[in-house]
Amino acid sequence: MAKQNSVSIRDLSLSFGSVKVLENLNLNIRDGEFLVLLGSSGCGKSTLLNCIAGLLEPTEGQIFIKDRNVTWEEPKDRGIGMVFQSYALYPQMTVEKNLSFGLRVAGLPTDEIARRVSRAASILQIEPLLKRKPAELSGGQRQRVAIGRALVRDVDVFLFDEPLSNLDAKLRSELRVEIKRLHQSLENTMIYVTHDQIEALTLADRIAIMKSGVIQQLDDPTTIYNRPRNRFVAGFIGSPSMNFLKGELAAEGDGIVFKAGGASFSLDGYQVGEALASGRRVVLGVRPEHIRVDGDIQGGEAHEAVVEIEEPMGADNLLWLKHAGHTISVRVGGARRFAVGARVRIGFDMTMASLFDAETEERI
Ligand SMILES: Nc1ncnc2c1ncn2[C@@H]1O[C@H](COP(=O)(O)OP(=O)(O)OP(=O)(O)O)[C@@H](O)[C@H]1O
């Protein structure tokens with residue numbers, strides 16, 4: 001059964017003076033979905049989240065939460081709980097008071113407040129911290145309390161604005177798992193803003209990748225990673241970035257090949273046709289793990305390359321190779337080591353490659 005929409009954004013536009021940050025944006029977020037808004041700094045993702053939260057008023061368009069038009073409602077009436085990058089805890093209050101403050105202001109009965117605080121503290125495993133003040137907590141603990149404050153409100157939709165950005169790498173990955181666990185147990189709708197692709201790929205049911213206020217692709221992480229809709233998405237997701245080879249298509253026998261820098265690649269899985277006409281200028285995109293080296297090559301054509309740099313990373317080894325005038329990155333197993341200057345043979349897994357038009361940069 002199709003899930004109903006939890007949040008629906010319709011033709012949303014927002015300008016700051018003459019600067020258009022969002023224009024005619026449409027987005028439906030399903031009930032219980034974990035949706036990540038991903039993009040680099042300034043793309044408008046926080047602006048969009050703040051519109052949903054009611055902290056910013058859109059210039060045009062409407063926002064529905066659970067089929068209710070909330071476009072002009074106060075943040076507190078929207079049924080949302082928000083967690084910010086800065087924890088914004090009250091420094092003079094204990095954790096317990098920080099968690100219960102909003103509920104006391106709202107006039108909830110004492111036993112109901114106690115029940116909700118205790119449930120949130122248990123879910124987030126912060127019971128031992130309830131009597132402490134924020135200054136006596138680590139960054140990760142403070143962020144748990146901030147999440148707890150959204151949790152006690154019993155809301156339909158959680159909004160997260162880069163909640164892990166202030167934490168060091170280890171804490172970030174720990175809390176990331178906590179947030180995923182939270183979503184799995186609560187099954188609430190969550191909308192999460194980040195510029196961190198690992199957070200997006202690991203947490204999201206679907207990712208909306210934004211650039212200049214426009215959603216470039218809205219898909220599940222696997223589709224975004226393997227079938228990026230344009231070159232921007234392809235280059236934004238993946239570290240190191242997808243390799244891009246500029247070249248053109250050429251007819252060869254019955255088929256069509258991609259030619260770049262004197263090398264020629266047969267395009268398995270692509271049909272010759274109008275889209276793949278000889279002479280069309282295109283960009284071939286191949287991820288580092290989809291290029292095989294020497295003994296790993298499984299049939300198909302092999303190309304010559306020279307090892308320029310080796311970056312051993314433990315589980316993986318990252319090679320930077322010179323091939324037909326391009327520098328390309330290749331990911332191999334950590335146990336495979338290569339000498340700088342070594343000549344190797346490489347094979348491209350063309351079934352996993354992407355082709356983009358050189359001018360429009362759209363996927364072919
Ligand atoms: N109050 C404001 N007045 C004018 N321009 C603003 C205002 N707030 C944001 N902007 C501009 O709107 C654009 C989008 O900002 P927004 O904060 O949504 O980006 P973001 O993708 O969340 O970036 P970041 O990751 O840096 O927070 C930016 O170009 C920013 O400079």
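# Close-up views of a predicted model

View 1. Lys322 stands opposite Thr327 in strand E18. The model shown here and in the other views is predicted. Strand E17 covers residues 316-323 and strand E18 residues 326-333. The two pair in the antiparallel sense, over 8 bridges. The hairpin has 2 residues between its strands. Ala324 takes a positive phi there, near 45°. Most residues other than glycine have a negative phi.

**View 2. The open sheet that contains E17 and E18.** This sheet has 5 strands in the order E15-E19-E16-E17-E18. The pairing is antiparallel. Strand E15 (291-293) and E18 stand at the edges with a single partner strand each, so one side of each is left without a neighbour in the sheet. From one strand to the next, the twist averages 45°. Strand E16 runs over residues 303-312 and pairs with E17 in the antiparallel sense over 6 bridges. Look for Pro312: its bridge partner in E17 is Asn317.

**View 3. A second open sheet, with E13 and E20 at its edges.** The order of the 5 strands is E13-E12-E11-E14-E20. Here too the pairing is antiparallel. The edge strands are E13 (263-266) and E20 (354-357), and each pairs on one side only. The twist from one strand to the next averages 40°. Strand E14 (residues 281-286) pairs with E20 over 4 bridges, in the antiparallel sense. Leu284 has Leu355 of E20 as its bridge partner.

**View 4. The shell around the ligand.** Which residues surround the ligand? They are Phe16, Val19, Val21, Gly39, Ser41, Gly42, Cys43, Gly44, Lys45, Ser46, Thr47 and His195. Two elements give two or more residues to this shell: strand E2 (19-30) and helix H1 (45-53). H1 gives the most, with 3 residues. By class, the shell has 4 nonpolar, 7 polar and 1 charged residues.

**View 5. Helix H2 against helix H4.** Two packed helices are described by the angle between their axes and the distance between the axes. For H2 (residues 95-105) and H4 (residues 139-151), the angle is about 30° and the axes are 8 Å apart. Angles under 35 degrees count as roughly parallel. H2 and H4 are therefore roughly parallel to each other. H2 passes H4 in a right-handed crossing. On the H2 side, the contact is made by Val95, Asn98, Leu99 and Gly102. H4 supplies Val145, Gly148 and Arg149. The contact residues divide into 3 nonpolar, 3 polar and 1 charged.

**View 6. Helix H2 against helix H3.** H3 spans residues 110-123. H2 and H3 pack at an angle of about 135°, with their axes 10 Å apart. That makes H2 oblique to H3. The crossing of H2 past H3 is right-handed. From H2, the contact takes Glu96, Leu99, Ser100, Leu103 and Arg104. From H3 come Ile113, Arg116, Val117 and Ala120. The contact has 5 nonpolar, 1 polar and 3 charged residues. Leu99 of H2 is in this contact and also in the contact with H4.

**View 7. Helix H4 against helix H5.** Is the arrangement of H4 and H5 roughly parallel or roughly antiparallel? Helix H5 covers residues 169-186. The angle between H4 and H5 is about 30°, and their axes are 10 Å apart. H4 and H5 are therefore roughly parallel to each other. H4 passes H5 in a right-handed crossing. Gly139, Gly140 and Gln143 of H4 meet Leu171, Glu174 and Leu175 of H5. By class, this contact has 2 nonpolar, 3 polar and 1 charged residues.

**View 8. Backbone details in two loops.** Most peptide bonds are trans. The bond from Ser239 to Pro240 is cis, with omega near -5°. Pro240 lies in the loop between helix H8 (231-236) and strand E11 (243-252). Asp154 is not a glycine, although its phi is positive, about 55°. Where is Asp154? Asp154 sits in the loop between H4 and strand E7 (157-161).

Technical notes. Residues numbered from 1 in each chain as written. Predicted model: local features only at pLDDT ≥ 70, side-chain atom pairs only at ≥ 80, totals over all residues. Near = placed C-beta within 6 Å. Nonpolar A, V, L, I, M, F, W, Y, C, P; charged D, E, K, R; others polar. Axes fitted to C-alpha atoms, helices over the stretch in contact; angles between N-to-C directions. Parallel < 35°, antiparallel > 145°, perpendicular 65-115°, else oblique. Left-handed = near helix turned anticlockwise from the far one by under 90°. Contact = placed C-beta atoms within 7 Å. Pairing = 2+ DSSP bridges.
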